[in-house]
Amino acid sequence: MRAALLEIAGGPVTMIDDLEVAGPGPGQVTVEVEWCGLCHSDLSMLEGSHPAPMPIVLGHEVGGRIAELGADVTGIAVGDPVVVTPIPPCGRCYHCVRDQASHCVNSASLLTNALPDGSTGLSRGGQSVYRGLGVGGFAQRVLTTETGVVRVPEDVPLEVASVVGCAVQTGLGAAFNTARVRPGDTVAVLGLGGIGMSIVAGARIAGANRIVVSDPQRHRLDLASDFGATDFIDPSSEDVIARVQAVTAGIGVDCAFEAVGSARVVETALAATRNGGTTVLVGAGPIEETIELSPTFFAISGKRLMGCLLGGVNSLRDIPIIFELYRSGRLDLESLITDRRPLAELDRAAEAMKAGEGLRTLLSV
């Protein structure tokens, strides 16, 4: 099948047509990919700031249709429209039974870039090919587990649904599940890519009173107002912390979200958070970056610093809720999609992302 293959970190992506995908085994399905979004995590692996085994097929924000069913798969049929989720909840492990499905044992696939059983299901010339963040969506077909897909309502376009697979469930989940934004809260979102803008939307839906956003791209600040932002900061020309203090009468925000993937921005988010408030790390930056933190002052402040993996969602529960928010008109998904390109233009899409252009680029496979 056709796929975009990365053989060397930092090198070009090669379009190939001889990638082999295994048929689905028991409890597995194969998805015919129609659209796959380009995420910043893909860019980090392309550039090598997030180490990954090679060769690899990146892409994990997939919208497509069920092509094949393995044995014992129920509740879904060939031809059904679905989105693929990077963390298929098993429903049985220590974390799943404690309502922490984003930390399911299957989340190890994000690091191994393989299926939960350690295989990849992909090969070329007899050599195993890895699957970016456990999915490998920049290809004509994706093999995944039964719980790795969520059915899309017939009246939701697949290209729109695809962004739910990563950006939207991560952003809304960060607001709903991790920070638990409450009506009347003040919120700051630092970084307005697809995930950051989804956090803004989630905070608005949750009832936040003031939503302060920061991004150096003017077009993103302008678009953020449509998603619910109330106050706008260009960090290249304004002091983010001073502006947040001014907006909140010197208190700081109840919840600050770092959605860039930068240690420096994490420190800014912490400083912008009020005493007793919550700072959520959503962006995934270079793994060698660290932050400076005084344990004494941090303890005195009573602040909470929280990690956030895929929005803390249970995809089987939360993605259908997201679709209902869209269908009811409370969530704008179309505006997140600012470019569409054929898969062969993946390198160009990556360059545009590096330049801060748009929000989400979809690749047609």
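**Strands and a helix**

Tutor: Strand β13 (residues 186–190) and β14 pair in the parallel sense, over 5 bridges. Strands pair if DSSP finds at least two bridges between them. This is a predicted model: local features need pLDDT of at least 70, side-chain atom pairs count only at pLDDT 80 or more, and totals for chains, interfaces and linings use all residues. Residues are numbered from 1 along each chain as its sequence is written, and side-chain values use heavy atoms, with hydrogens and water left out.

Student: How are helices and strands picked?
Tutor: They are DSSP runs, numbered from the N terminus: helices are H or I, at least four residues, and strands are E, at least two.

Student: What stands opposite valine 213 in β14?
Tutor: Valine 189 does. In β15, phenylalanine 232 is the bridge partner of valine 213.

Student: How many bridges join β14 and β15?
Tutor: 3, in the parallel sense.

Student: Which residues of helix α6 are buried?
Tutor: Arg220, Leu221, Ala224 and Phe227. Buried means under 20% relative accessible area, exposed over 50%, partly exposed in between (1.4 Å probe, protein chains only).

Student: What do the buried residues of α6 pack against?
Tutor: α5 (194–206), β14 (210–214) and β15 (231–233). Contact means heavy atoms within 4.5 Å.

Student: New topic. Is serine 102 buried or exposed?
Tutor: Buried, because its relative accessibility is 3%. Serine 102 lies in the loop between β7 (81–84) and α2 (109–112).

Student: What does serine 102 touch?
Tutor: Ile87, Ser107, Leu309, Gly312 and Val313, not counting residues up to four places away in sequence.
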